[in-house]
Amino acid sequence: MKKFLISSFSAMLLLQGAFAQQQKMVADKIVAKVGEKIILKSDIESALVDMQQQALEGQPLPANATCQAIEQIIAQKILVLQAERDSLPISEADVDGRIESQIRWAEQRYGSREKMTEVTGYTIYQLRERFRDAIRESMLAKAMRDKIVNSVKVTPTEVKNHFEKVPKDSLPFYESELEIGQLVVLPKASYEMDKYAIDRLNDFKSKVEKKEGEFSTYASLYSEDPAVKENGGTYVLNRNDKSWDPAFMQASFRLKEGDISSPVKSQYGYHLIKMIKRAGDNVTVQHILIKPNVLTADISNAINKLDTIRANIISGKMSFGEAVTKYSDEPMSKFNGGMLQNPNTGSTYITVDQLNDPSTKDIVMLLDSLKPGGVTKPLIFEDEQGRKAVRLVYLKTRTEPHRENLKDDYSRIQQRTMQEKQVSALNKWLQDKIPTFYVHVEPEYRQCENISKWTASNTVASK
């Protein structure tokens, strides 16, 4: 049902940290106060759990982790308070949309809604309420941070100077990296198969309206949505959440409570949608999904289509990017040009070991025979939704293992330079802004470098 998976690492840490925090049996106490906002000892412990998780993923745990944790929390509170002063536009609808996205990410992480409830100890409804304030604050803090750092720019000279400050023996070493694109075509079901799916849904609708059966019963028995076993086909949608199929969203929000739609076509198949409840920008719906059967002849038609596209790319009649824009059925291709994304950096450079998703594993087998600029023949595969699909795979570049240098890694160095300059701008903003807020920190944390500066400036400002 999703266009794409939730991939925000900060969202993952927010949920993971909150889960860990709720499960700890600690004697909680207030360790700091910023304005009217309090910071608890459990908040720091939760942040430390986040850092430990990052350490497992390759980022070393800093020696002063506790100081970093409380400093980051205080900084976030200041950003939130200033965002509230500036009335930055974060609506409850925005918060609701983020909550739903992160809960769906958590459901995938734990495998099912039941497993998530078992591990966390909270129902979906409890999670929504427990995380609401934390998510609202994280969104306000991000909006304020963006306002501060968005004007920061770096020049080529700054990038060069930043690179030259790093000792040559400390420059990172990069393994071979690849830029890989794919042009995906979903075989179209025949008219007869489409009609069969529509007729089945219309039959369900007729029986429900005649009270010959319950909508929920048909959803449980016949829906081809993989999540139906966990949620009975029921979802809470937020009007501002862009991760759902647009046709499904539009049809859902057109319904009144108790209404059942006519069959609705989306990228996943045909849906029968029942409106359960409306509440502002949120609606609760239940649906039945029927996927039209794709026959061998339909797959052959897709292969023939891609054969023609490949011939045009090889002959130079169009570039791979132009072909993706014109022909790809992959929803995200219009944003990424069909290029696979590095899950850690968001860049188009990936390593072989990152091709570990079930839908990309078979690409690894092609790489030895594929040269940069090459395009494979059409390949049948199963996408993330379990659908039969056909694709062309394009190898744009392949780097050799090398030590970082300006020629091959300018964009990385530029990004690192930008990040450091943004951190500097944010630290200066905090140093200037903190004296305008009340900040109290318990003695056990006052030895932390930034806290000692902040509390000193705060004391001076209050005299």
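## Two helices crossing

Angles from 65 to 115 degrees count as roughly perpendicular. Keep that in mind for this predicted model, where the axes of helix H6 (residues 124-149) and helix H16 (residues 406-433) cross at roughly 110° and come within 9 Å. H6 and H16 are therefore roughly perpendicular to each other.

Who's doing the touching? On the H6 side, the contact is made by Met144, Arg145, Ile148 and Val149, and on the H16 side by Gln422, Ala425, Leu426 and Trp429. Sorted by class, the contact of H6 with H16 has six nonpolar residues, plus one polar and one charged.

## H7 meets H16

Helix H7 (residues 156-165) also has an axis that comes within 9 Å of the H16 axis, with a crossing angle of roughly 95°. That makes H7 roughly perpendicular to H16.

From H7, the residues in the contact are Pro156, Glu158, Val159, Lys160, His162 and Phe163. H16 brings in Leu406, Tyr410, Ile413, Gln414, Arg416, Thr417, Glu420 and Lys421.

## A look at Lys407

Lys407 sits in helix H16. Is Lys407 buried or exposed? The cut-off for exposed is over 50% relative accessible area, and Lys407 comes in at 74% relative accessibility, so Lys407 counts as exposed.

For a sense of distance, take Lys407 and Val324: they're 83 residues apart in sequence, and C-alpha to C-alpha they're 29 Å apart in space.

Definitions and conventions:
Residues are numbered from 1 along each chain as its sequence is written. This is a predicted model: local features need pLDDT of at least 70, side-chain atom pairs count only at pLDDT 80 or more; totals for chains, interfaces and linings use all residues. Side-chain values use heavy atoms; hydrogens and water are left out. Axes are lines fitted to C-alpha atoms, for helices over the stretch in contact, and angles run from 0 to 180 degrees between N-to-C directions. Helices (H or I, at least four residues) and strands (E, at least two) are DSSP runs, numbered from the N terminus. Angles under 35 degrees count as roughly parallel, over 145 as roughly antiparallel, 65 to 115 as roughly perpendicular and the rest as oblique. Contact means heavy atoms within 4.5 Å. Ala, Val, Leu, Ile, Met, Phe, Trp, Tyr, Cys and Pro count as nonpolar, Asp, Glu, Lys and Arg as charged, and the others, Gly among them, as polar. Buried means under 20% relative accessible area, exposed over 50%, partly exposed in between (1.4 Å probe, protein chains only).
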